[in-house]
Amino acid sequence: MNEKEQIKNCFCSFIEGSLVTHDIEKVLELFAEDAMGIGMGAQGVVRSREDLRPILMNMRSDVDDSQTTLQFSNMQIRYYGGDFASICATVAIMTTVQGQRRESHIGQCASLRKIDGEWKIIMVQATPLSINIEEIDAYPLSFAEDEIENYRMQEQFSNIMRRNIIATYKVDFYNDIFEDFNLIGKYAVPVDSFCSYERVMCDYAGKMLEGKMRIEFAEIFSIANLKKVFLSGKTDVSLDYEALQPDGRRMWLRTNIHLFTDIKGHLKGYLYLFDIDKQKREEVRLTQQAERDLSTGLYNKETARAKMEIALKLYDKPDTCAFFMLDLDYFKTINDTYGHAAGDFVVKRTADVLKESFREEDIIGRLGGDEFGILYVGKNSSDILVKKAERICQAIMEIHPDAVEGPRISASIGIAIRTEKESFDDLYRKADVALYITKKQINRNGFTIFSEDLPLDKVGK
């Protein structure tokens with residue numbers, strides 16, 4: 001099987017094992033040991049493979065699982081090369097509930113990592129696509145009863161969204177005017193009847209949005225683009241964004257336009273402005289929880305690698321990008337002598353030093369216990385990198401937990417300068433070699449910039 005077939009096989013085996021065959025041990029073998037699984041409803045978040053066991057064992061008592069069958073559709077596989085991939089699909093679940101045959105639907109996604117030649121799941125997330133309570137009851141894994149009651153009270157998606165609506169507008173795109181509007185919420189955007197739609201939208205983008213989102217908003221909701229979208233057969237255009245309100249509050253909003261033509265064939269539309277701040281911030285929180293190292297707030301190893309690989313493609317310019325690999329000196333001694341509390345303090349303060357030393361666009365990750373990796377995307381001249389490494393080494397030497405009375409903490413750094421179109425793996429290998437030289441030949445507490453004339457024959461000996 002090729003890589004995509006192996007990814008699909010792992011994904012489907014997980015779902016079938018969870019919902020149909022209930023071979024829990026086989027399902028658990030599909031997960032990496034450090035997997036984070038994000039469940040559905042009250043199942044919550046788990047942070048290890050073993051924590052998935054009670055979720056997989058918790059089946060609905062009124063579901064006849066012997067008659068459960070599955071059907072996959074809309075499957076999309078993203079293989080990023082190397083050892084990272086993601087997959088998503090719609091899963092139709094046909095099962096018997098209290099003697100009646102019913103069907104439910106979930107959107108299932110997973111992230112996978114290749115470990116020792118085998119694809120393992122590192123994160124899964126299921127989203128219920130069925131809002132009707134009778135359909136939700138057909139889902140074999142158990143929900144908490146209060147979650148089911150919440151869905152019972154919110155059967156129609158339109159009713160849910162209507163409570164969060166800020167304003168509605170009717171727009172005549174043929175004549176570039178607002179025909180009608182209804183301002184409901186506090187942050188509704190006031191307009192005048194028959195004023196220019198495009199002028200209002202451009203003014204809104206200029207005042208409320210920032211950076212690339214300002215340009216994206218103006219392009220997506222331009223009349224020219226809406227005409228193009230409608231001619232392609234689509235009738236809805238939507239965008240989620242964070243807007244700066246006049247009172248200084250930052251708020252997540254959704255603008256949705258439903259397109260249609262009148263009896264004369266003129267393009268018109270209904271524009272809806274929704275408040276999605278609460279659910280969006282919850283989505284962001286869950287995403288960050290899955291991507292971040294909980295102790296330091298830095299990216300975890302898998303996320304850091306994925307983001308660095310993307311960044312190396314985006315910053316494909318001469319004289320940019322360098323990879324720093326940092327390792328704390330004698331960290332095991334600190335843990336063994338002064339306890340893990342002191343070790344945790346040192347790791348967290350090291351993370352703070354790195355956050356202060358690099359810019360927002362640089363990518364900082366915790367690669368292991370006391371090992372950190374940073375992709376610096378600015379100018380990679382030796383002078384700049386030397387000054388940055390010196391400042392980092394000095395700042396880490398000033399970390400001094402009260403419980404530690406021995407020698408000051410220090411760090412060893414290896415730096416790989418991107419000279420051509422090296423991949424992440426190329427830079428990682430070079431930085432690792434430079435770090436080895438720092439520890440073995442410079443006697444730690446310093447840095448080495450990789451070059452081809454390093455004494456590589458001694459590396460690993």
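This is a predicted model: local features need pLDDT of at least 70, side-chain atom pairs count only at pLDDT 80 or more; totals for chains, interfaces and linings use all residues.
Helix H13 passes helix H14 in a right-handed crossing.

### The H13–H14 pair

H13 covers residues 340-357 and H14 covers residues 382-397; their axes come within 10 Å and cross at roughly 150 degrees. Since angles over 145 degrees count as roughly antiparallel, H13 is roughly antiparallel to H14. On the H13 side, the contact is made by Thr350, Val353, Leu354 and Ser357, while H14 contributes Lys388, Ile392, Ala395 and Ile396. Sorted by class, the contact of H13 with H14 has 5 nonpolar, 2 polar and 1 charged residues.

### The chain as a whole

The chain has 15 helices and 16 strands. Of its 461 residues, 46% are buried. If you take the contacts between residues at least 6 apart in sequence, 57% of them join residues at least 24 apart.

### Rings around Tyr197

The structure holds 18 aromatic pairs, and two of them share Tyr197. Here they are side by side:

| Pair | Centre to centre | Angle between planes | Geometry |
|---|---|---|---|
| Phe173 and Tyr197 | 5.1 Å | 90 degrees | edge-to-face |
| Phe178 and Tyr197 | 5.8 Å | 55 degrees | tilted |

Why is the Phe173 and Tyr197 pair edge-to-face? The ring planes of Phe173 and Tyr197 stand at 90 degrees, and planes over 60 degrees apart count as edge-to-face. The Phe173 and Tyr197 pair links distant parts of the chain, 24 residues apart. Phe173 sits in the loop between strand S7 (165-172) and strand S8 (177-183), whereas Tyr197 belongs to helix H7 (residues 197-208).

The other partner, Phe178, lies in strand S8, so its pairing with Tyr197 in helix H7 ties together parts that are 19 residues apart in sequence.

Trp252 has a relative accessible area of 17%, and residues under 20% count as buried, so Trp252 is buried.

Which residues does Trp252 touch, not counting those up to four places away in sequence? Trp252 touches Asp240, Tyr241 and Glu242, along with Phe274, Asp275, Ile276, Asp277, Lys280 and Arg281. With Tyr241, the C-alpha to C-alpha separation is 5.6 Å, although Trp252 and Tyr241 are 11 residues apart in sequence.

### Asn335 in helix H12

The last stop is Asn335, which lies in helix H12 (residues 331-338). Asn335 is buried, with a relative accessible area of 15%. Leaving aside neighbours within four places in sequence, Asn335 is in contact with His340 and Gly343. Both partners bring us back to the helix we began with, H13, which spans residues 340-357.

Terms used:
Residues are numbered from 1 along each chain as its sequence is written. Side-chain values use heavy atoms; hydrogens and water are left out. Axes are lines fitted to C-alpha atoms, for helices over the stretch in contact, and angles run from 0 to 180 degrees between N-to-C directions. Helices (H or I, at least four residues) and strands (E, at least two) are DSSP runs, numbered from the N terminus. Angles under 35 degrees count as roughly parallel, over 145 as roughly antiparallel, 65 to 115 as roughly perpendicular and the rest as oblique. A crossing is left-handed if the near helix is turned anticlockwise from the far one by less than a right angle, and right-handed if clockwise. Contact means heavy atoms within 4.5 Å. Ala, Val, Leu, Ile, Met, Phe, Trp, Tyr, Cys and Pro count as nonpolar, Asp, Glu, Lys and Arg as charged, and the others, Gly among them, as polar. Rings of Phe, Tyr and Trp (its six-membered ring) pair if their centres lie within 6.5 Å; planes under 30 degrees apart count as stacked, over 60 as edge-to-face and the rest as tilted. Buried means under 20% relative accessible area, exposed over 50%, partly exposed in between (1.4 Å probe, protein chains only).
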